[in-house]
Amino acid sequence: MSTENSPPSADSDLQFGLAVRARRAQLAITLDQLAQASGVTSGALSRVERGLLSVSLRNAMAIARGLGCELSDLVQSPAPAQITRAGEHARFVHEDTGIVRLALARPLPGLELLHYAVPPGQTSSHFAPHRPGTREVFYVETGSLRVFTGADSVLLQAGDSAQLAMDTEHHFANEGRGVAHFILLVAAPAHGG
C-alpha cells in the first residue's frame with residue numbers, strides 16, 4: 001500500500017500508534033490495563049494503535065506515562081542503520097579466567113546482544129539478580145556451557161538455545177574440553193515497567 005498520497009499527519013499517527021502498541025506488547029499489558037493507567041479509554045487506545053486517531057498532546061503524555069516511558073520514546077523516528085565493523089566492538093577480558101566478552105549491540109534500552117568465549121574449565125563471576133521480568137537468551141555456537149540460575153542449572157551443547165528468567169543470582173561455566181563460544185541476548189523490561 002503506497003503512502004505517497006497520505007497526509008503527513010496520518011503517517012505520524014500511524015508511527016505513534018505502532019510505537020504505543022510495541023511498548024504495550026513489551027510490557028505485556030492489555031488495552032484495558034493501559035486505559036486504567038493512562039485515563040484514555042480502551043476504544044480510543046485501540047484506534048490510536050491502528051493510526052486511526054490523532055491524540056492531543058495531553059493524551060499522548062498520559063499514554064506515555066501509562067506505559068512508563070517518556071513521550072519522546074514514542075515519537076522519535078527510527079535511527080539510521082548503526083553498523084559496528086569487525087574489531088570495533090567493545091571487548092572485555094577477565095584477567096583471572098580469560099573469559100572474553102564482546103558487546104555486539106544495544107539497540108534499545110534494556111536490550112543487549114553479547115558474544116562470549118569461555119576457555120575450558122573456567123567459570124564466570126556471579127552476576128546479581130536482574131530486575132523481575134528480565135530474560136536472557138543463550139545460543140551456544142561451539143563447545144558446551146552450564147548456566148546456573150539460583151540453585152538450578154542447565155547444560156547447553158553446540159546448537160542449543162535457552163531462554164531463562166534471570167531475577168536470581170546467576171553465572172555460567174565451561175565444563176568441556178574446548179573453548180565455548182555463545183551469543184547472549186539480555187532483555188530487561190524498560191524502566192517503569
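**The second largest pocket and its chain**

The largest share of the lining of the second largest pocket, four residues, is supplied by β3, where strands (E, at least two residues) and helices (H or I, at least four) are DSSP runs numbered from the N terminus. This is a predicted model, in which local features need pLDDT of at least 70 and side-chain atom pairs count only at pLDDT 80 or more, while totals for chains, interfaces and linings use all residues. Residues are numbered from 1 along each chain as its sequence is written, and side-chain values use heavy atoms, with hydrogens and water left out.

The second largest pocket has a volume of about 250 Å³; a pocket is an open set of points on a 1 Å grid over the protein atoms alone where a 1.4 Å probe fits, with protein on both sides within 12 Å along at least five of seven lines, and lining residues have an atom within 4 Å of a point. The volume is the space filled by probe spheres set on the points, which are joined across faces, edges and corners. Of its 22 lining residues, Glu112, His130, Glu136, His170 and Val186 are the closest to the centre. Elements giving two or more residues to this lining include β3 (111–118), β4 (135–142) and β9 (180–187).

Turning to the whole, the protein chain has five helices and nine strands, in the order α-α-α-α-α-β-β-β-β-β-β-β-β-β along the sequence. The C-alpha atoms of the protein chain fill a box of roughly 60 × 35 × 25 Å along the principal axes. Buried residues (under 20% relative accessible area, 1.4 Å probe, protein chains only) make up 31% of the 193 residues.

How values were computed:
Buried < 20%, exposed > 50% of the residue type's maximum accessible area, 1.4 Å probe, protein only.
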